[in-house]
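Please look at the sequence and the model below. The questions and answers that follow take up a few of its residues in turn.

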Amino acid sequence: MSSGNRSEAVDVQKSYEVRTYGCQMNVHDSERLSGLLEDAGYVRAPEGADGDADVVVFNTCAVRENADNKLYGNLGRLAPMKTRRPGMQIAVGGCLAQKDRDTIVKRAPWVDVVFGTHNIGKLPVLLERARIQEEAQIEIAESLEAFPSTLPTRRESAYAAWVSISVGCNNTCTFCIVPALRGKEKDRRTGDILAEIEALVAEGVSEITLLGQNVNAYGSDIGDREAFSKLLRACGKIEGLERVRFTSPHPRDFTDDVIAAMAETPNVMPQLHMPMQSGSDRVLKAMRRSYRQERFLGIIEKVRAAMPDAAISTDIIVGFPGETEEDFEQTMHAVREARFANAFTFQYSKRPGTPAADMDGQIPKEVVQERYMRLSALQEQISWDENKKQVGRTLEVMVAEGEGRKDGATQRLSGRAPDNRLVHFTQPEQPVRPGDVVTVEITYAAPHHLLAEGTPLAVRATRAGDAWEKRTTAAAAKPSGVMLGLPTIGAPAPLPAAAAPACGIG
């Protein structure tokens with residue numbers, strides 16, 4: 001009888017789906033939302049559920065001009081599904097919810113819950129309150145209620161994890177609305193951060209990415225200008241932690257002690273993603289970026305002097321209001337000088353609520369497009385040239401999950417080198433799992449990936465691989481009523497390459 005009760009309980013468990021838009025911070029928040037829902041008894045809907053779940057959560061982004069149109073279009077597609085599925089609930093959170101608040105329910109009255117960036121921990125309570133009261137619940141907090149990393153989580157990777165060290169931003173970039181939606185910077189206690197990392201390593205995680213809206217400003221809230229470099233060095237003392245990354249730093253706060261900590265801490269990877277945004281001093285001033293081209297290039301020069309093999313990537317906005325051809329040529333010059341391994345280039349579009357949206361000198365779309373194409377072609381050639389320098393090198397590659405779209409057809413596996421370059425390699429004879437490490441020799445370079453066509457020189461099974469195997473086996477063994485699905489996003493660290501930063505981080 002008790003066995004029958006357990007089966008019945010499994011069958012009636014409610015399923016959930018979380019849809020994430022925008023930046024790494026939103027990806028991290030979505031892991032917390034999933035953890036909160038599972039802690040409340042929900043189970044993850046099968047992969048590809050496409051709205052066929054008891055609860056669908058939209059974790060939104062507000063920085064794109066058409067972000068609201070995309071949201072309301074997706075909500076509209078769920079309306080008839082909700083009509084056919086009694087008890088189904090829809091929740092909208094994230095930056096757009098923080099910005100638009102009551103507007104969402106007015107435009108989509110079938111939405112049950114609207115919550116903001118500061119109170120994601122309230123989601124299960126708000127869903128239950130909406131169910132009982134049979135009316136929409138709108139709750140937007142103006143300040144952070146609980147640091148996201150204190151909440152339950154369902155991580156998308158068994159072997160790599162985000163660790164948030166701060167939330168909010170003290171900068172006032174004219175193209176970015178994030179500070180208005182996530183508030184002033186608030187730092188976590190260093191001891192809490194290190195305790196979370198140690199707990200993750202104990203679970204089998206071998207790679208962590210320190211995450212903050214302006215990650216290297218860490219310490220400004222607690223009055224220690226060298227707090228970030230001290231944190232990097234402390235990560236180097238955690239046994240079993242093989243790789244440390246961080247995103248995204250701001251050039252203003254990129255001090256020499258940070259460069260020294262990166263170079264002198266063995267598990268801090270030789271990789272740097274630092275947004276430049278423009279190479280023109282005049283445009284940088286209009287953006288309210290607190291550095292100029294010379295300062296930016298000087299940081300890169302120092303990083304390369306300390307870490308010659310470092311791969312440096314960036315973000316660039318093309319066509320910011322008032323940008324002249326001369327300004328754009330300064331950006332092209334900076335790109336040639338910096339020789340980025342990769343650059344995420346964006347055509348400027350008005351972001352509602354930002355000062356730049358109302359600036360004079362909005363550039364015609366055809367001009368922005370033409371400049372964008374020129375910049376993309378230049379960076380494509382530089383990326384290819386820089387990747388060609390990797391041919392003949394022997395690299396340790398951490399095997400990833402979901403990184404190689406053609407792996408099944410080519411009988412190859414994929415992973416990330418220490419500098420975060422994507423490497424496709426020949427599958428070794430012995431079994432290898434995500435999280436394990438293979439040593440390969442690079443034989444070919446393309447602009448956006450490297451290829452190791454020979455047999456791997458070595459394979460090292462890791463505790464991270466063990467963790468992936470344990471998690472995958474457990475998921476496969478779940479009863480049919482509990483659909484957790486297999487992780488598909490892979491290691492957080494490669495996200496800058498897989499999904500360009502989209503929210504003004506850095």
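Helices (H or I, at least four residues) and strands (E, at least two) are DSSP runs, numbered from the N terminus. This is a predicted model, in which local features need pLDDT of at least 70 and side-chain atom pairs count only at pLDDT 80 or more, while totals for chains, interfaces and linings use all residues. Residues are numbered from 1 along each chain as its sequence is written, and side-chain values use heavy atoms, with hydrogens and water left out.

Q: In which strand does Ser15 lie, and is Ser15 buried or exposed?
A: Strand β1 covers residues 15-20, and Ser15 lies in it. Buried means under 20% relative accessible area, and exposed over 50%, with partly exposed in between (1.4 Å probe, protein chains only). Since the relative accessible area of Ser15 is 12%, Ser15 is buried.

Q: Where is Cys61 placed, and what is its relative accessible area?
A: Cys61 sits in the loop between β3 (55-60) and α3 (67-84). Cys61 is buried, and its relative accessible area is 10%.

Q: With which side chain does the side chain of Ser30 make a polar contact?
A: Ser30 belongs to helix α2 and is buried, at a relative accessible area of 6%. A polar contact is a pair of N or O atoms within 3.5 Å; within protein, one must be able to donate a hydrogen and the other to accept it, and residues adjacent in sequence count only if both atoms are side-chain atoms. At 2.9 Å, the partner of the Ser30 side chain is the side chain of Asn59.
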